[in-house]
Amino acid sequence: MSSLTSVSEPATLTARQRWAPFFAAFGIIFSLMLLWSIASPLMSSPDEPAHAIRAEAVVRGQLSGTPVAGHPGAEKVLVPRYVADPGYVCYAFKPSVSAACQPALTTSPDTLVEGQTTATLNTPLFYYLAGLPSLVLSGHAALYAMRIMVALMSAVLLAIVFMMIRQQSRSTFSLVSAAIAVTPMVLFLSGTLNPNPVEACAAAALFTTLVITLRTPSSRAMLWERAILIAFSTLMLVSTRSISLVWLLCIAVVALILAKREFLVRVFTRPAAWVGTALSGIFAILALWFFMLPKSGTIGDTSIAVGAGTDWKTAFVRMIDKALDYDSGVVGYFGWLDTPAPTITYAIWIVAIGGLLLLAGVIGFARHRIALLVWALVALFLPAIVQAALVFNWGWVWQGRYILAAFMCLVITAGITLDAVGAIPRTRMVQRALVTVSILLAFAQLAAFVYTLKRYVVSGTGWRQMVLHPEWQPPLGWITLCILFAIVLTVGVLVLRREFSAAAASRPLVTASRSAV
C-alpha cells in the first residue's frame, strides 16, 4: 500500500501548501467570472431582474411581498427605481436586437417603487449577501457590484474544488475533469445575479471535499479544516433553491459509495466530523423549514403559464425524449436562452465530456462505475420528475442549466475514478495530451465569450460591423475584454500544465502520518 493510502505515516502538509492551490484557482476563476460580469449587459441572464429585485428587497428587510394576481409565484416589493426599470430587458428573446436598446439610467434612481419578483420562493441568505453592495452603491454601480458578489461566492466554492483535488495522491485526471466541469455557462451565470451558479459550485465543492475526506488521510488540523469547508459548502448550497436539498442527498449517497472504509470509520470517531455533520444538518433543516412555510406568492391564476394543464405523463416522456436538448444548456445557452454557444464550443465540450466518461466507465473500479451511474440517472430522470410534478400548475419551467450541480459532480466523479485506477501511465505523452485538452477547452471558452459579446454589440450583423461600427459597448470596450479574457485563460492553461508536471513527477500534496485519522 502506498504512503498516500496508508494511515500509519505522518501528515506533514502545511497550511500554506494546502491553500496555495485555492488561491491560484480563485485568482483565475474569479477573473474570468468578473470579465463575464462586465461583458454581459445588465439583466442579461435568465430571470436576472427577478433575482436583482429580490436581493434589493431582502437586504432592506423585505423577506416577502404582496402576491400578484394571475402570476404564480410573483410578489410585489418596494425597491429602488433603478433596479425595477423594465427597459433593461428590451433585447430579451430578440437575437436581432443589440443591447444598445437599453435606456439611460432613470431619473431619481433611488426612489422606492413597486417591483415584481418571482424569486421569493428561494431562501433569503443568498439574496442578502448579493444585495449588500446596494446599501452603499446606487444605479448601475450597485447592479455590477451585486454581480461581483455572486462571482465572489462562486469562485470561492470552485477554488475549494481545486484545492481538495490536489490533496489526492493522484490528481491529474481530477484536475482535467474540474476544468471540464467549469463550462462557459458556469462562468457566464457566475458573472450575473443568479443563485444557479452558486448552487452548482457549492454542490461541486461539497461533493469534492466530502469524497476526499472519506478517501484520504487527515491530520487533526486538516480534518477540522475539511469539516468547516463541508459545513460552509452545505450552507451555500441549501441557501439557493429548493432542489438544493435533493443535491445534498445525492452528494451524501455518492460520497458514501466512494468512501474507503478505513477512513470512513476513523473520520467519524473525531469531534471535527461530528461538528461538521451537525452544522450541515442544522443548515439543511433550516432550509427545509423555510421551503415548507406557506408562500403567499403562489396564489393566483396559473392558467397563463406556458404548458399549464399538461398531464404529468406527457411532461415526463417529453423531458426524457428531449434530455440532450435540455442538457446543452450546461455548456452554454446565454442571455435569455436566445444565444447558443458557437458550434466549436459544443463540439469540444461534448468530445471532452464523452471521452472522460467513456474512459472512466470502461476502466473504473466497480463502485466508481456505480457512482457514475447514480449521477447519470439523476441527470436523466430528475428533470423529468420535477417537470412532471410541476407542469399542471406551473407549465414548462425546466431549463438545462438547472442540472448543472449534477453535471459538475458527474464529471468530477469521472476524474476521481481515473485517478483512483492509476492504470494510465503519467508519461510525457499523456501530459502533452492533457495540456492539449486544456488548450482546446480554453479556446472553446474564448469562442463562447466572443460570440456572446457579438450578439450584444451588433446583434445579428457581421464581424466587420462589430469592429468598425459597434452598436453597444460594455465597460472597457469589447476588444479589451476579449484580450483580457484570452490572457487569463492562457494563465489558467499554464497553471494546469504545471500541475500536470507535478503529478507526473509524483509530488502529491498529501502525505501520510501517524497522527492522521
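Colleague: Is Cys409 buried or exposed, and how do I read that?

Modeller: Buried means under 20% relative accessible area, exposed is over 50%, and partly exposed lies in between (1.4 Å probe, protein chains only). Cys409 has a relative accessible area of 1%, so Cys409 is buried. Cys482 is buried too, at 10%. Bear in mind that this is a predicted model: local features need pLDDT of at least 70, side-chain atom pairs count only at pLDDT 80 or more, and totals for chains, interfaces and linings use all residues. Residues are numbered from 1 along each chain as its sequence is written, and side-chain values use heavy atoms, leaving out hydrogens and water.

Colleague: How many disulfides does a search of the whole structure find?

Modeller: A disulfide is a pair of cysteine sulfur atoms within 2.5 Å. The search turns up 1: Cys90 joined to Cys101, S to S 1.8 Å. The link is right-handed, with 90 degrees about the S-S bond. Cys90 and Cys101 sit 11 residues apart, each in the loop between helix H3 (81-84) and strand E3 (112-117). Helices (H or I, at least four residues) and strands (E, at least two) are DSSP runs, numbered from the N terminus. Cys101 is partly exposed, at 31% relative accessibility.

Colleague: What does Leu453 touch?

Modeller: Contact means heavy atoms within 4.5 Å. Leaving aside residues up to four places away in sequence, Leu453 touches Ala39, Met466, Trp472, Pro474, Trp478 and Cys482.
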